[in-house]
Structure formats: structure tokens, C-alpha cells
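Q: I'm new to this one. Could you take me on a close look at the metal site and the parts around it?

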Amino acid sequence: MILKQFVLGAIEDNNYLLIDEKTKEAVLIDCTEESQQIDNAIKEYGATLKYILLTHGHFDHVLGVNSFRAKYHCKALIHEDDKFLLDKMKDFARSFGIPSVEIQNVDGFIKDGEVIEFGTNKIKVIHTPGHTKGGVCFLLEDKIFTGDTLFCDAIGRTDLPGGSFQQLKSSIEQRLFTLDENITVYPGHGNSTTIGHEKKYNHEL
Ligand SMILES: [Zn+2]
């Protein structure tokens, strides 16, 4: 599997493009904005974008969704508990000083335990509420994509609508820290890390 990381937007969000080497089916994890770089990578590998998987509904992770859906006819999926964030996106973005944003549309909802396939790869959805109600992580063999739930040496903020520190703490401790310590963590912002490193050195819990 090919993994490409793109750092996009004003808040430097990580978007991850995963491509199955054999079938060229691809998924994009989070979708900050239209991106020539991502378009080029899709073209370069001859990839077919099947899904946009959203870790949560905050504007900095989703504002490219409509444009990617239109361009690649892929399906965008989010946890249902974050749908309200998409609906309230205009108010939320305004509170961050971003004056006008377009409401983003999704094609379906994902839930805890669901498995999403592309090529021969299977991505498991792990619901990890706390940063937002519908926050999820995506587990694929020895990799986990954690959005704003878990960062390198930090955790997501819990002061935004739907956030809860207690919930985030228990999501991380019960759903992520119980995974193999060698799993690489690919967060929504900043550097990658491992489950083992965060269990030992993350002091925000
Ligand atoms: Zn967020």
C-alpha cells in the first residue's frame, strides 16, 4: 500500500492518501481543501478514489469534500454524531474568523466496528468521542489515523461544541492504548508517533 501525506490549509491539517498498489483503489483520510498536490498524486499512480473518510466534522478537515466528490465521484463518509457539525459549519467557521464557507455534503455514515474496504485492504472504524461526539479513528493493520483525537505528545481540544475531556480520555485509554504498541499513529495535525510512545510520554491525559 502506498501512503502519501499532505499538509494543507491554514491550520496545517494532515490529509492522507492511501492507494492499493494492485487495484489502484484509493481512500483519502480527511479533506481540508482542493489540492493540486493530491490531484497530481492520484494522477501519477493512476488511482481511483473510492472514499473520503472523515475523522470528524470540523471545517479544517472537510472543506474540500464537495469538490473532491464532484471531481472523483467518490463517497464521503462521516460518523452520524458529527453531522450536526457539517450543518453548523458556517457558524463554527465564523467563530474562527473564517467568513464564508460552503456546507459540505456526505454520502453516508460510518459506525464503530464497521470495516471499509479498498483493494485488498480493510480499514476498521473505531469511534473515539471526546474531541467531537462523532470523532473516529481508522485502523489499518499497523497504522492508525487518529484525526484530532490523539497527537504526538498531545490530545485534541475538548472545549469546542460536543467536546468532553473525560470522554476523550476514556476513548484514548480504552480504545487506542489497548492496541499494539508498535502501531504507528498518523494524527490530523503534526508528526506521526506510535501507540507505545504515547502510552509512555503523553502527559495530557
Ligand atoms: Zn478538530
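A: The zinc ion has four protein donors, namely His56 through NE2, His58 through ND1, His131 through NE2 and Asp148 through OD, and they lie 2.2 to 2.3 Å from the zinc ion. Keep in mind that this is a predicted model. Along the chain, the donors follow the spacing H-x1-H-x72-H-x16-D. His56 sits in the loop between strand 4 (48–53) and helix 2 (59–62), while His131 sits in the loop between strand 8 (121–127) and strand 9 (136–140), so these two histidines tie together parts that are 75 residues apart in sequence.

What about the geometry? The angles that the four donor atoms subtend around the zinc ion run from 88 to 172°, which makes the arrangement irregular. For tetrahedral, all angles would have to lie between 85 and 135 degrees.

Now follow the chain out from His131, whose loop lies between strand 8 and strand 9. Those two strands run antiparallel and are joined by four bridges, and Ile126 stands opposite Cys137 in strand 9. They belong to an open sheet of six strands with mixed pairing, in the order 7-8-9-10-13-14. At the edges stand strand 7 (115–118) and strand 14 (193–194), each with a single partner strand, so one side of each has no neighbour in the sheet.

Note on methods
Residues numbered from 1 in each chain as written. Predicted model: local features only at pLDDT ≥ 70, side-chain atom pairs only at ≥ 80, totals over all residues. Heavy atoms only, no water. Donors = N, O, S within 2.8 Å, 3.2 Å for Na, K, Ca; no water. Tetrahedral: all angles 85-135°; square planar, octahedral: opposite > 155°, others 65-115°. Pairing = 2+ DSSP bridges.
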